[in-house]
Amino acid sequence: MTVVRTVRAADVRPRPWANGGGTTRELAVADDGAWRISLADVDRDGPFSTFAGRQRLLTVVEGPVLDLQVDGDAQVVEPQRPFAFSGDASTVASVPEGPVRVLNVVVDPARVRPHVTVLELGRSSTLPVAADQAAYVVSGACGGLETGSLVLGPGEVAGRCTVAVVTLQQHS
């Protein structure tokens, strides 16, 4: 029997961003530093920290829209719609309709290609989670997992819920 690794965001202490502009909870990180999955709270307008040489993929999992200026280009990030951008980019956030929480995937693009897919599961659904995946429970009841839980593959999530499935595809 496979032991499913689960991380509850509520059990992870928030840490300040490198630039002090917000807080983040690091949910999972690769042993070799190729990727990390975190949950960031954006409760005020201001700059994002940069991640030199990294690719970012963020998904609003709680709250309304997030407005971003990425190297001067305006972007509206809607809830549950993943948005990718360079970690090198000068990025300034605005929360015009209130605070948001984002699932933040940061990778070394030379080694990993990230994908996030948000899925709504039915009451009797079971979703397998592969070894190169993680599933974050956005809302609902996933077989006893509460909102804010991250299941690291291999494993599965089941039940009526919405999940953000993170795939970390290794370059060959």
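Predicted model: local features only at pLDDT ≥ 70, side-chain atom pairs only at ≥ 80, totals over all residues.
Let me begin with the chain as a whole, which has zero helices and 17 strands. Its radius of gyration is 15 Å, close to the 16 Å that the globule rule gives for 172 residues, so the chain is as compact as a globular protein of that length. Along the principal axes, the C-alpha atoms fill a box of roughly 50 × 40 × 25 Å, and 47% of the 172 residues count as buried. If we take the contacts with a separation of 6 or more, 64% of them are between residues 24 or more positions apart. The chain exposes about 8,500 Å², of which carbon and sulfur atoms supply 49%, and it carries 15 positive and 19 negative side chains, with the centres of the two sets 5 Å apart.

Turning to the sheet, six strands form an open arrangement in the order S2-S3-S4-S11-S6-S9, with antiparallel pairing. Which strands stand at the edges? They are S2, residues 15–16, and S9, residues 83–86, and each has a single partner strand, so one side of each is left without a neighbour in the sheet. Further in, S3 (residues 23–29) and S4 (residues 35–42) are paired antiparallel over six bridges, and there Ala-28 stands opposite Ile-37 of S4.

Next, the hairpin. In a regular strand, side chains alternate between the two faces of the sheet. Strand S7, residues 66–70, has a covered face made of Leu-66, Leu-68 and Val-70, while Asp-67 and Gln-69 make up the uncovered one. S7 is joined by five bridges to the antiparallel strand S8, residues 73–77, with Gln-69 opposite Ala-74. Two residues lie between the strands of this hairpin, where Asp-71 takes a positive phi near 50°. S7 also pairs with S10, residues 91–94, again in the antiparallel sense, over four bridges, and Asp-67 has Ser-94 as its bridge partner there.

Finally, Thr-167, which is found in strand S17, residues 161–170. Is this residue buried or exposed? Its relative accessibility is 18%, and since buried means under 20%, Thr-167 counts as buried. Leaving aside neighbours within four places in sequence, Thr-167 is in contact with Arg-113, Pro-114, His-115, Asp-132 and Gln-133.

Terms used:
Residues numbered from 1 in each chain as written. Heavy atoms only, no water. Rg over C-alpha atoms; globule rule 2.2 N^0.38 Å. Buried < 20%, exposed > 50% of the residue type's maximum accessible area, 1.4 Å probe, protein only. Contact = heavy atoms within 4.5 Å. Areas by Shrake-Rupley, 256 points an atom, 1.4 Å probe, with all protein chains shown as cover. Lys, Arg positive; Asp, Glu negative; His and termini not counted. Charge placed at Lys NZ, Arg CZ, Asp CG, Glu CD. Pairing = 2+ DSSP bridges.
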